[in-house]
Amino acid sequence: MLKGESIFLRILSPGDVDEKYLNWMHDDDVVQHLESRWRSYSIEDLKEYVRIVNLSQRDVFFGIFVIKTGEHVGNIKIGNIDQIHRFADVGLLIGEASARGKGYGTEAILLACQYAFEDLNLNKIVAGIYAINVGSFKAFLKAGFREVGRLHRHRFCKGEYVDEILVEKCR
């Protein structure tokens with residue numbers, strides 16, 4: 001478990017997948033920036049995804065939980081871990097609407113990066129953010145990431161092609 005000021009991260013388990021989690025994955029406001037937005041899920045699909053990711057040697061999948069309440073409010077995944085080149089990517093999802101705008105995303109990113117740099121011995125973490133996802137972009141900047149590039153009109157979102165901003169953080 002990784003503990004911050006307001007939240008803690010722990011490895012997500014299939015037991016964490018419930019109706020609330022399923023609702024996040026069917027909420028357009030949540031999934032509009034995810035590549036998985038084209039699919040519909042069942043609880044069993046999501047449990048199987050968590051099982052598969054947990055067996056992977058290239059991914060670490062954390063649930064984001066509020067310390068005061070224990071509520072599961074989102075997920076953060078360190079993915080595509082490359083131990084040879086010592087880098088990975090990170091993806092963030094704050095599913096619980098009441099948890100958005102409270103700094104949990106930034107705190108989760110900081111904790112995940114600490115884990116990646118200290119425990120996984122990585123040197124670089126990268127992320128791709130849709131330019132229209134201003135909250136996510138701000139969270140990554142507050143967590144010490146810097147913009148390193150922009151892919152113009154690269155991702156299809158809300159009926160149009162939008163820019164994808166590439167950010168990175170180095171040890």
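Predicted model: local features only at pLDDT ≥ 70, side-chain atom pairs only at ≥ 80, totals over all residues.
Residues are numbered from 1 along each chain as its sequence is written, and side-chain values use heavy atoms, with hydrogens and water left out.

**Strands.** I took helices (H or I, at least four residues) and strands (E, at least two) as DSSP runs numbered from the N terminus. I then followed Val126 to its partner in β8, Glu168. There, β6 and β8 (residues 160-170) are antiparallel, with seven bridges.

**Helix α4.** I noted that β5, α4 and β6 form a right-handed β-α-β unit (clockwise from the first strand over the helix to the second, with the strands pointing away from the viewer). Helix α4 (residues 104-118) spans 21 Å between its first and last C-alpha. Twelve of its 15 residues are buried (under 20% relative accessible area; exposed is over 50%, partly exposed in between, 1.4 Å probe, protein chains only). Among them are Tyr104, Leu111 and Phe117.

**Helix α3.** In α3 (residues 43-55), I found Leu46, Lys47, Val50 and Val53 buried. They lie on the same side of α3 because they cover an arc of only 130° around the axis, taken from the directions from the helix axis to the C-beta atoms. Ile52 and Leu55 are exposed on the face turned away from the buried side. The cover over the buried residues includes α1, β3 and β4, by contact (heavy atoms within 4.5 Å).

Conventions: Expected span 1.5 Å × (residues − 1). Pairing = 2+ DSSP bridges.
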